[in-house]
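Work through the exercises below with the sequence and the model at hand, and try each task before reading its solution.

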Amino acid sequence: TCNNLQGGYECACLPGLEGDGFFGNDVDECANGNNDCGQNYDCQNTKGSYFCQCAKGFEEVDEVCEDIDECQGVNNCHEHASCINDNGSYSCECNDGYQGDGVACSDINECADASTCQANSDCSNSAGSFECICKEGFAFEDGSCNDINECENNPCSAFAKCTNSAGSYSCLCKDGFAGNGNFC
């Protein structure tokens, strides 16, 4: 601006500019912190001034920047991941039974670890989980796979002796009888 003085004049820079009045440079109010942008706002410098806008992940509601819940809308979390809303952002976390960064999740093969299931059982992997299944000749009882005593129901011939073994049994014809034990 030009100010008339007695016998002369002086030049001064407009607000938002600095210099000698003949040459002026923009003052970056965003860089020097001389602005009134509040929390969750980004300051945008302009020549001679600045303006405030909601930061990424926020939207203006009643002249206040409020968090956008990205988990309620479109996000890039994997179908087997949970979306976790953060202030101004979100993150993805793979569900139990899956591994990865949340954007990409793959099934964990729990059966790859031989200690996943107890003795006398087989591990069956499934998407996001697994199951321990007792081997043939064993039944789940009291928290573990225990041998079934097949001889209690005597599957052998009436003329044979039943001998129980781990997961199985055998039949042997008694003295004086011939056959495979199932038929004597």
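**Exercise 1.** Decide whether glutamate 59 is buried, partly exposed or exposed, and say which surface patch contains Glu59.

*Solution.* Glutamate 59 has a relative accessibility of 42% and therefore counts as partly exposed, where buried means under 20% relative accessible area, exposed over 50%, and partly exposed in between (1.4 Å probe, protein chains only). The model is predicted, so that local features need pLDDT of at least 70 and side-chain atom pairs count only at pLDDT 80 or more, while totals for chains, interfaces and linings use all residues. Residues are numbered from 1 along each chain as its sequence is written, and side-chain values use heavy atoms, with hydrogens and water left out. Glutamate 59 lies in strand 7 (residues 58–61), strands being DSSP runs of E of at least two residues, numbered from the N terminus. Together with Glu60, Asp62, Glu63 and Glu66, Glu59 forms a negative surface patch (residues with over 30% relative accessible area and no salt bridge, like charges being joined within 9 Å and nonpolar side chains within 5 Å; a salt bridge is a side-chain nitrogen of Lys or Arg within 4 Å of a carboxyl oxygen of Asp or Glu).

**Exercise 2.** Classify the one aromatic pair of the structure.

*Solution.* The ring centres of phenylalanine 159 and phenylalanine 177 are 4.6 Å apart and the planes meet at 15 degrees, so the pair is stacked (centres within 6.5 Å; planes under 30 degrees apart count as stacked, over 60 as edge-to-face and the rest as tilted). The pair links distant parts of the chain, 18 residues apart. Phenylalanine 159 is partly exposed at 40%, and phenylalanine 177 is partly exposed at 39%.

Technical notes:
Accessible areas come from the Shrake-Rupley method with a 1.4 Å probe; for residues, only the protein chains shown count as cover. Lys and Arg count as positive and Asp and Glu as negative; His and the chain ends are not counted. The place of a charge is taken as NZ of Lys, CZ of Arg, CG of Asp or CD of Glu. Helices (H or I, at least four residues) and strands (E, at least two) are DSSP runs, numbered from the N terminus. Rings of Phe, Tyr and Trp (its six-membered ring) pair if their centres lie within 6.5 Å; planes under 30 degrees apart count as stacked, over 60 as edge-to-face and the rest as tilted.
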